[in-house]
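Please read this briefing with the sequence and the model open side by side. The lead sentences come first, and the remaining points are grouped by topic.

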Amino acid sequence: MRELYKKPQIRSLTQNPLLLSLICSLYQEKSVKLPTRRCQIYEMVVEYMLGNWCSHNNRQIPNSCWIAAKQDLLGEIAYQFSFERKDIFTIQDLRSKIEKYLKNPSISTDFINKNTSQLIAELSQQDGILQNLSGDNKKYLFLHRTFQEYFTALHLKHLIETDINRGISLVKTNLYKYEWHETLSLLAGLLDNPIPLLKAISLEKDDIFHSLLLLSGECIAECREQSYPFMQKIIEEIYELWQSRPHIVFVTVVVERIAYTNNIMQEKLLNVALKHSCSEVRCEAVKILGKTANLQVVEAFMETINDKDISVRFWSALSLGCIEEETAIKACIIQAINENNPNVIKAIFTSFKINQSPKIIIKILKKYLKYINELSFQIFISKFQDYVIQCCINYEYREFYINDFYRIHNFNIINLLLECSSFLHSIFMKETIVLFGEIGDNDVVDCLMQVLEPLEDKFKQWLSKILEIRNDSLGIFLDNQHYYDDEIYNVLTQKIIQELRKTDTQERINQAIKEIYLRCVEVRKKAIISLGQIGHAKAINILNKAIHDLDDEVRVEAAIALIKINSLPAFETLKQVVNNSSNIKRAVIMALGKMNIPQAIELLTQFIEDQDRDIRWRAVTALGEIGNSQSVKILIGYLNHSDNDVRREAFAALAEISTPEVIECLIYALKQKKHEDKKWVAAALGKIKWFAQELKHYKNLEVVESLIDSLNDSDSYVRRWIAVALGKIRHPHAVKALILALDDPDATVRKYVAIALGRSSHFTAVMALASKIQDKDNSVREQAVLALERIGDPRATKALISALTSPDNYFKMIAAAILVKIQWNIHIIRLIFKKIYFSNLKKSDSVLLFSDIISKLDPSDKSIRCRAATALGEIGSPEAVKFLIRSLVDPNSDVRGRAAAALGKIRCSKSITALIQALSHPDVAVQQEAIAALKHIGNSKVLKSLVQSFTIDLDDPDIYTLARILAVRVSMTQEHNKLIPLYPRKNKFIDAP
């Protein structure tokens, strides 16, 4: 797979599972080195399928003559179907072409005793080159589109070798058909002398996309011999084209293909593009060369990784870090240490995760971590020496600060400590720790443990050293009594020296440690996670200390890491914290809830008997998070616990588990429990995941009746959750009871009943829900409207119309959108708004209606205008275009973008015209939405407008790419022979010859 990844030319072949398995078989069985050219891969695979693959099917391996004969037949078939633009063909078409071929007197004598049915069976059932698409032997296709292209190229090669003029003439008829370009490039790779083909292509007039020049480049990428001067000339032209427009993807793809097989293009990219003044050119060159990764490229990337442009460094790092060489890895690590941009550092470590040489990465990282630690100490000493000099000689305004010098000095020393130990919480350190954990090598455990070691010893060592330096430096100053001519300054210097001698190391250490710990929380957490991933027992002691960390998240991760180590000492450590502080207990409980192992359940049951009620209910919740059969059994037992908190949380935990056993238990509890527990049972039933497949047998009438009985409970909390449960079950027997519950005195209950009725989608609920559109509670009104939308019954029209008089614009908008979306009784609404009756209503009336409704709403609300534009697009009527065009000049950018997107959903000539005009819009967001829409609905009219318009900037990379996409699409239609976008500069369509 790594071999395929390194070869972009053939990487696309892996998309077909069978083709991928064939390539892997070749790679393993024959120990072949995968070639860089696609035509070579196809040649190897075809020969394998027609030849050696027979041994896998217990068939005799055929001789080379029969293999060649079948290739000739497949070439003829492929050419005929390609000419007819057929990827899928009927059995009748296939038989007709084979029979016609067999009647040719010049075919191989190997076909003498073969009939059409035998050949189809052999090519499909035995060889697998042809595939039966429908399973009933009515439709066929080649194993992969590229196989059809390869056999077509084989046929053209045979024609050219037989009659070069006729063969080249056939090629020229297909030059402007983009779907033939892959075939022609494969043809170039098959020909012994591809120059006549390349010259024939170059003599044709090219289009504005340089399609024929790029086709020549694809041909060169497939050629066996690439040293011809004519080829070099083409490569130069393609490079110049790419350099002028490095962001055009279809040009870059061709450059990438050539660079992989051609030294001239590669040298151009290395020696010219990487040194170009334009950062975009350098960046795109790095992306292309990154897929090659030979020695020259590695050396070049070791320079570009220091480029002044962030994007160049980013892509250099991504490529260089994947290379399995020590020099490349070392260069990446050095850059990561010195890099200021976090994205570049992350790119380096992302590439390290792909690298197949983790041992080398670990070795170099450990070496540099030690170096950074030592370097930080040296930097600290140097900075402190400079600081002493600053204090004694160059301390500005010392007469003003001498009385406050102690505070200033304290502040400066702490800042020096923090500055020089900043590597401890740097992005480099964080990414290194995460990488160590993902690699999972025991060699890194010591490094990770050092991250968690207390800083006090380190800082004491640092400060004891600087005290020696301070004494030596101050001795020098005391020996030079007359540093200043001014006696006042000498006196001040003496006072500062005396203050410097009073340095209290412990005070500075404590303050610095407190600050650095706050900054290093994320680093400590990541180090603990990595230790847990590795799972080495030597980390238990340091993790035990981490459980007492000041930060909650660090404590939780330390507990999780100890559980992951999964050893007796680790669990003994966790058991000991049962008697520790509540904060540590909480951390351990959270960790245990994430681990589905028996030891975790054992520890949690201990916590449930804790004196702290918060600890008790957290432990119950954690059991629910584990959710296995053992924890379910324990939780059911806790439903009778003497502690109210434990019972409540046990019900809630069981609701999250949602198994048949839990359902039976809760229904039983609903019938049996006293009042104080009933609300917890109801809440649990409401939270049950009733849609789960394993619960389908528990949506029976008996369960529903039990719930309906509780819908009249005196506790509104119970009624609310029972309504939720009935809504999830969606049993028709519950609808009548829910309709009655719509008149519940509690607004929250009415809201949840409305939601439940909407879920039921039962038509009998329509009128009851319609009556609640005028409910005094806003949330009830809103849920009633949404429920009516879900049911979709036209009898709700009148009630929805009444909702349009609401003072709440948002509520009006919901009602209006529902009315238009499902287009209910449009004539009634039109009558209300316009006082006009339409006897013959059209689909477009819904758009006019919507515009009327929107005009009634607050036009200053941009969110409503956004919704209106989106809704018009969803309706999809051509009548909406004029309203959307008006929205393209809306003062709000979001509204303009939504309007352009909506136009793209309306596939009519008016919307296409509007989108073409939007390509010149001053708002970039509108342009991008227009481009995205036209990529899907654009046609020859759009292409013609793009090329001929003087207001549309065809040099814009996105618009240029859009035009190319449309040109490819047009070339595959009947219009391809009518117009081709050719030069000269006026960019007019010229009739195709």
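Which residue of strand 3 is the bridge partner of Ile-88? That partner is Leu-141, and the details of the pairing follow under the strands below. This is a predicted model, in which local features need pLDDT of at least 70 and side-chain atom pairs count only at pLDDT 80 or more, while totals for chains, interfaces and linings use all residues. Residues are numbered from 1 along each chain as its sequence is written, and side-chain values use heavy atoms, with hydrogens and water left out.

**The chain as a whole**

- The secondary structure of the chain comes to 55 helices and five strands, where helices (H or I, at least four residues) and strands (E, at least two) are DSSP runs numbered from the N terminus.
- Of the 993 residues of the chain, 53% count as buried; buried means under 20% relative accessible area, exposed over 50%, and partly exposed in between, with a 1.4 Å probe and protein chains only.
- The accessible surface of the chain is about 46,400 Å², and 50% of it belongs to carbon and sulfur atoms; accessible areas come from the Shrake-Rupley method with a 1.4 Å probe, and for residues only the protein chains shown count as cover.
- Among contacts between residues at least 6 apart in sequence, 68% join residues at least 24 apart, a contact being heavy atoms within 4.5 Å.

**Strands 1, 2 and 3**

- Strand 1 (residues 88-90) pairs with strand 3 in the antiparallel sense over three bridges; two strands pair if DSSP finds at least two bridges between them.
- Strand 2 (residues 130-132) also runs antiparallel to strand 3, to which three bridges join it, and Leu-130 has Phe-142 as its bridge partner in strand 3.
- Six residues lie between the strands in the hairpin of strand 2 and strand 3, where Gly-135 takes a positive phi near 85°.
- In strand 3 (residues 139-142), Tyr-140 and Phe-142 make up the covered face, whereas Lys-139 and Leu-141 make up the uncovered one. In a regular strand the side chains alternate between the two faces of the sheet.

- Most residues other than glycine have a negative phi.
- Arg-85, however, has a positive phi near 60°; Arg-85 is placed in the loop between helix 4 (64-83) and strand 1, and counts as partly exposed at 31% relative accessibility.
- His-210 likewise has a positive phi, near 55°, and is found in the loop between helix 10 and helix 11 (211-222).

**Helix packing and buried positions**

- The buried residues of helix 8 (residues 164-172) are Gly-167, Ile-168 and Val-171. They cover an arc of only 95° around the axis, which puts them on the same side of helix 8; the arc is that of the directions from the helix axis to the C-beta atoms.
- These buried residues of helix 8 pack against helix 7 (145-162), helix 9 (181-190) and helix 10 (195-203).
- Ala-69, in helix 4, is buried with a relative accessible area of 3%, and beyond its neighbours within four places in sequence Ala-69 is in contact with Tyr-101, Ser-108, Asp-110 and Phe-111.
- Ala-69 and Ser-108 are 39 residues apart in sequence, yet 6.2 Å apart in space, C-alpha to C-alpha.
- Ser-706, in helix 39 (residues 701-709), is buried with a relative accessible area of 10%.

**Salt bridges**

- The count comes to 46 salt bridges, a salt bridge being a side-chain nitrogen of Lys or Arg within 4 Å of a carboxyl oxygen of Asp or Glu.
- Lys-772 forms a salt bridge with Asp-743, the closest N and O atoms being 3.2 Å apart. Lys-772 lies in the loop between helix 43 (766-771) and helix 44 (778-791) and Asp-743 in the loop between helix 41 (735-741) and helix 42 (747-760), so the pair ties together parts that are 29 residues apart in sequence.
- Lys-772 is buried, with a relative accessible area of 12%, whereas Asp-743 counts as exposed at 57%.
- Lys-772 also meets Asp-775 in a salt bridge (3.9 Å, N to O), and Asp-775 is buried, with a relative accessible area of 9%.
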